[in-house]
Amino acid sequence: MESHGGEGDASEWKKVAELRAVVEAQDPAAKEEDDFALRRFLRARDHNICKASAMLLKYLAWKHVAKPRGTITDEEVRDEIAKGRVHMQGFDRLGRPMAYLYGARHFPAPRELDDFKRYVAYLLDKICTRLPVGQEKFAALIDMKGWGYANCDIRGYVAALEIMQNYYPERLGRVFMIHVPYMFMAAWKIVYPFIDEKTKKKFVFVANKDLDATLRDAIDESQLLEEYGGKLKL
C-alpha cells in the first residue's frame with residue numbers, strides 16, 4: 001500500500017486494502033486507481049465493502065467505455081465548450097477549486113445525451129486536475145439568472161447528477177444555487193429524488209438578499225469573480 005502521510009485512520013486504510021483486494025480480483029484495471037480514489041468509493045458507501053466494491057466495479061466498466069484513452073480531450077467536446085456554460089476559476093476559503101455554471105446557457109439537446117454526458121465527465125476531470133495537494137473536493141456556484149422553460153432539461157440534469165454521484169463520489173463539497181427563479185422549483189422537485197442523501201445536503205439555495213454575505217463568507221474576495229462582487233477577473 002502506498003504511503004498516506006498520516007491522513008485518515010489506520011482502520012479506514014485497512015478497509016481500503018480489503019476493498020482493493022476484492023475489486024482487483026474481479027477487474028485488474030483497479031490497479032490503476034490510487035488508494036485515495038478507493039477511499040472515496042468506500043466513504044460514499046459508508047465503509048461497506050460489498051456496496052463500495054459494486055460501485056467501484058461499475059465505475060471501472062463505465063471508465064473503460066467513456067474514456068477508452070484515459071481522458072476526454074478538448075477536441076472531443078469542442079462544441080459543448082463553445083456554449084460557455086462553465087468557468088473554472090479561483091478557490092473557496094477551504095481551498096476547494098470553484099466552478100461557475102450558468103443555467104440559462106444550457107438548452108436540452110434534441111439528439112442523444114451522449115455528447116452532454118461526455119462533456120460532464122470532461123468537466124469533472126478538468127476540475128479535479130485543479131485540486132491542490134491534500135484537497136479532494138471542489139465547490140460550485142450555479143447561477144440560474146435568466147433561466148426559463150426553454151432551458152429546462154430534466155434528462156440532462158439527472159444524467160449529470162448520476163455521473164457525478166456514481167463515478168466521482170466524494171468530490172463535490174458544496175453547491176450554491178443563486179438567482180433561482182420560482183418556476184425552476186418545479187423542475188427541481190422532479191430531479192430531487194435522483195439525488196442521494198449525502199449530495200442533497202451539499203446544495204444551498206441562496207436568497208438574493210443573502211447572496212453577498214453568503215458568497216463573501218465562503219469565498220475570499222480575491223478569489224470571487226467580479227460579477228459577484230469579488231476581484232477575480234474572468
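Is Arg40 buried or exposed? Arg40 counts as buried, at 12% relative accessibility, where buried means under 20% relative accessible area, exposed over 50% and partly exposed in between (1.4 Å probe, protein chains only). This is a predicted model, in which local features need pLDDT of at least 70 and side-chain atom pairs count only at pLDDT 80 or more, while totals for chains, interfaces and linings use all residues. Residues are numbered from 1 along each chain as its sequence is written, and side-chain values use heavy atoms, with hydrogens and water left out.

**Salt bridges**

- A salt bridge is a side-chain nitrogen of Lys or Arg within 4 Å of a carboxyl oxygen of Asp or Glu; the count comes to 26.
- Arg40 forms a salt bridge with Glu136, with the closest N and O atoms 2.6 Å apart.
- The two residues are 96 residues apart, with Arg40 in helix H2 (residues 35-44) and Glu136 in the loop between helix H5 (114-128) and S3.
- Glu136 is also buried, with a relative accessible area of 16%.

- Helices (H or I, at least four residues) and strands (E, at least two) are DSSP runs, numbered from the N terminus.
- Six of the seven residues of strand S4 (residues 172-178) are buried.
- Two strands pair if DSSP finds at least two bridges between them; six bridges join S4 to strand S3 (residues 138-143), and these strands run parallel.
- Four bridges join S4 to strand S5 (residues 203-206), also in parallel.
- Phe176 in S4 stands opposite Leu141, and its bridge partner in S5 is Val204.
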